[in-house]
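Student: I would like to go through some terms used for this structure and see what each one rests on.
Tutor: Then we set each value against its definition.

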Amino acid sequence: MTQRTLPSRTKTAQNSGPHDRGRRTRASRAPRTLWALVLLLVLAGAGVGLLASPLVDVRSVEVTGTERVSPQDVLAAAGVRDGSALATLDVQGVRDRVDALPAVASVSVHRSWPHTVRLVVTERTALAYETRPDGAVHLFDDEGLDFAVTASAPAGLPQLKLPSGPTRDDAARAAGSVLAGLPDALRTRVTVVQGQFPSSVALLLQDGRTVLWGAAGDAADTATKAAIVSTLEKERAGTSAGAAQADKGLEIDVSNPVVAVVR
C-alpha cells in the first residue's frame with residue numbers, strides 16, 4: 001500500500017508568506033504614492049497660480065530716504081509696473097536702475113506682501129563743492145563724484161579746485177578720499193581743497209595756513225598725517241601773539257609723513 005504525504009499547509013505558508021506579503025505591501029503603497037504625488041503637483045500648481053494672481057500683484061511702490069533726489073525720479077528709474085507679479089519682481093534690475101541715479105549711493109528693494117514694493121534709498125553725501133564759470137555749484141562726494149547741482153554753495157563745505165586737464169577725475173577722487181578720512185576737528189577747518197594731480201592734494205585752512213597733504217592714503221596714513229598737523233599746530237600755538245600773527249601763511253608739508261616740513 002502506497003502512501004502519499006501531502007504538503008504541509010503551514011510549511012507552504014511559511015515558505016511563500018514573506019514574498020507574498022512584500023508584493024501585497026508594494027502593491028498597496030503604489031496608489032498611496034501616486035496620490036501623494038498628484039496632491040503635491042496640485043498644491044504646487046495652486047501656489048504658482050496664487051503667486052501670479054491679482055491677489056499678490058503690485059499695487060503700490062513706496063520710496064523712503066530721499067531728500068535731494070526726487071521720489072518721482074526714483075519711481076521712474078525703478079520701472080515697477082502696477083499689476084505685475086510681486087513674486088517675480090526683478091529685484092536686481094530695480095536696484096541697478098535706481099543705483100544709476102547720480103545722487104543715489106545705494107538702494108535696497110523689499111517685497112511687502114501682498115501688494116507693495118518698498119525702496120529704501122541712501123543718498124550720496126556732499127563733502128565739497130565746485131563753482132563753475134557759469135555760476136552753477138556742483139557737489140562732490142567722498143569718491144570725487146560730481147553728483148548734484150545747486151544754486152548756492154552749502155554752508156560748511158570746502159571749495160574744490162580741480163585742474164581742467166586729463167588728471168581732473170583722478171584729482172577729484174583723491175581730494176574726496178582725503179576729505180572723507182580727515183578727523184572732524186581738521187575737516188571742519190578746511191575751506192579749500194585743491195591739487196593739480198592725485199599725488200598733490202593741498203588743504204587751505206580757515207586761519208590761512210596750507211597743509212600740503214600729498215596723495216590719498218589708507219586710514220593709517222591719514223591718521224598719521226592728521227596727528228602730525230595737530231602736533232605742529234599746537235607747537236606753533238605756544239609762540240607769542242606777534243609770532244603767531246606772522247605765521248598766518250605758514251605751510252605744513254606732510255606729503256611725506258616721515259619727514260614733515262614746516263615753511
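Tutor: A polar contact is a pair of N or O atoms within 3.5 Å; within protein, one must be able to donate a hydrogen and the other to accept it, and residues adjacent in sequence count only if both atoms are side-chain atoms. The model is predicted, so local features need pLDDT of at least 70 and side-chain atom pairs 80 or more, while totals for chains, interfaces and linings use all residues. Residues are numbered from 1 along each chain as its sequence is written, and side-chain values use heavy atoms, without hydrogens and water.

Student: What makes Asp218 a cap of H6?
Tutor: A side-chain oxygen of Asp218 lies 3.3 Å from the backbone nitrogen of Ala220, at the N-terminal end of H6. The limit is 3.5 Å.

Student: How do you know that the span of helix H6 agrees with its number of residues?
Tutor: The expected span is 1.5 Å times one less than the number of residues. For the 19 residues 219–237 this gives 27 Å, and the end C-alpha atoms are 27 Å apart, so the two agree.

Student: Which residues of H6 are called buried, and why are they placed on the same side?
Tutor: Buried means under 20% relative accessible area, exposed over 50%, partly exposed in between (1.4 Å probe, protein chains only). Thr222, Lys225, Ala226, Ile228, Val229, Leu232 and Glu233 are buried. They cover an arc of only 155° around the axis, by the directions from the axis to the C-beta atoms, and therefore lie on the same side of H6. On the other side, Ala219, Ala220, Lys234 and Glu235 are exposed.

Note on methods:
Helices (H or I, at least four residues) and strands (E, at least two) are DSSP runs, numbered from the N terminus.
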